[in-house]
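Take a moment with the sequence and the model before reading on.

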Amino acid sequence: MNSINTYIDHTILKPFATSEDVKRICAEALEYKFASVCINPCYVPLAKELLAGSSTHVCTVIGFPLGQNTTAIKVAEAEDALLNGCEEFDMVINVGALKEGKNDYVQSEIAAVRKACEGHILKVIIETGLLTDEEKVTATKLACAAGADFVKTCTGFSGGAATVEDIRLMKANVTDGVKVKASGGIKTPETAKALVEAGAERLGTSSGVLLVKG
């Protein structure tokens, strides 16, 4: 297992997040050499400026937090973020469509966002807290088929949290080369270690400094 800092997407996605909050988490990310900073789309230019020349990537969210924007809006969000310097994209699937069995729609939407940010990392949030195990498997496979780089557990806005069981289930159903990101409720070093040992290769958390300092 690598040092825990290399797994962390240092995150602030609260609706009341300010530019000062973003400056703080970017400074923390630089200090602890986190994998990325994950911020709302309006702060991508600021984060890009603050993280310039570092190994920490700029990450934003697409269709967040509900996932029920139209495909065209999700694509436009991704294109805009890319123009602003974003390097990693965490998109929310349309959970309602998945639950209705509209698998072609779910996959084509992911593929459209994949195309919009081609050449950059795409993480697909399936909202495990809202899904049955069968739906988690289906969503994982659809994300892989559409070209995702990661399948991710939760937004943290719709209930649920990353669990060892879900990480193992997702890990067992990704195709070669696709990774798993755990997000939601990761607040202790013990939880982080357990999720990584279960197969998570990224950790989305607002508690990155705490995880590193123990």
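**A walk through the model**

Val92 is buried, because its relative accessibility is 0%, and buried means under 20%. This is a predicted model. Val92 sits in strand S4, which covers residues 88-92. What does Val92 touch, leaving aside residues up to four places away in sequence? The contacts are Ile62, Gly63, Phe64, Pro65, Leu66, Gly67, Lys74, Ile125, Glu127 and Thr155. Val92 can also be placed relative to Arg202: the two are 110 residues apart in sequence, and their C-alpha atoms are 16 Å apart in space.

Pro65 belongs to the loop between strand S3 (57-62) and H3.

Glu127 lies in the loop between strand S5 (121-125) and H6. Is Glu127 buried or exposed? Glu127 counts as buried, because its relative accessibility is 1%.

Lys33 also has a positive phi, about 55°, and is not a glycine. Lys33 is in the loop between H1 and strand S2 (36-39). Its relative accessible area is 55%, so Lys33 is exposed, the cut-off being over 50%.

Now turn to the helices. Helix H3 spans residues 71-83, and it packs on H5 at an angle of about 20°. The two axes are 8 Å apart. H3 and H5 are therefore roughly parallel to each other, since angles under 35 degrees count that way. Their crossing is right-handed. On the H3 side, the residues in the contact are Thr71, Lys74, Val75, Ala78, Glu79 and Leu82. They meet Tyr105, Glu109, Ala112, Val113 and Ala116 in H5. Sorted by class, this contact holds seven nonpolar, one polar and three charged residues.

H6 and H7 make another pair. Their axes come within 9 Å and cross at roughly 45°. Are they parallel or oblique? At that angle H6 and H7 are therefore oblique to each other. The crossing is right-handed. H6 brings Asp133, Lys136, Val137, Thr140 and Lys141 to the contact, and H7 brings Asp166, Leu169, Met170 and Asn173. By class, the contact has three nonpolar, two polar and four charged residues.

Beyond residues up to four places away in sequence, Thr140 touches Ile126, Val151, Met170, Asn173 and Val174.

H6 and H7 are also joined by charge. Side chains of opposite charge can pair when their charged atoms come close. Lys136 and Asp166 form a salt bridge, at 2.8 Å from N to O. The pair links distant parts of the chain, with Lys136 in helix H6 and Asp166 in helix H7 (residues 164-173), 30 residues apart. Lys136 is buried, because its relative accessible area is 8%. Asp166 is buried as well, because its value is 9%.

How many salt bridges are there in total? The count comes to 19. Another of them joins Arg114 and Asp149, whose closest N and O atoms are 2.8 Å apart. This pair, too, links distant parts of the chain. Arg114 is in helix H5 (residues 103-116), while Asp149 is in the loop between helix H6 (133-145) and strand S6 (150-152), 35 residues away. Arg114 counts as buried, because its relative accessibility is 8%. Asp149 is partly exposed, because its relative accessible area is 26%.

Lys23 and Glu20 also form a salt bridge, with the closest N and O atoms 3.2 Å apart. Both are in helix H1 (residues 19-32), three residues apart, so about one helical turn separates them. Lys23 counts as partly exposed, because its relative accessibility is 37%.

Definitions and conventions:
Residues are numbered from 1 along each chain as its sequence is written. This is a predicted model: local features need pLDDT of at least 70, side-chain atom pairs count only at pLDDT 80 or more; totals for chains, interfaces and linings use all residues. Side-chain values use heavy atoms; hydrogens and water are left out. A salt bridge is a side-chain nitrogen of Lys or Arg within 4 Å of a carboxyl oxygen of Asp or Glu. Helices (H or I, at least four residues) and strands (E, at least two) are DSSP runs, numbered from the N terminus. Buried means under 20% relative accessible area, exposed over 50%, partly exposed in between (1.4 Å probe, protein chains only). Axes are lines fitted to C-alpha atoms, for helices over the stretch in contact, and angles run from 0 to 180 degrees between N-to-C directions. Angles under 35 degrees count as roughly parallel, over 145 as roughly antiparallel, 65 to 115 as roughly perpendicular and the rest as oblique. A crossing is left-handed if the near helix is turned anticlockwise from the far one by less than a right angle, and right-handed if clockwise. Contact means heavy atoms within 4.5 Å. Ala, Val, Leu, Ile, Met, Phe, Trp, Tyr, Cys and Pro count as nonpolar, Asp, Glu, Lys and Arg as charged, and the others, Gly among them, as polar.
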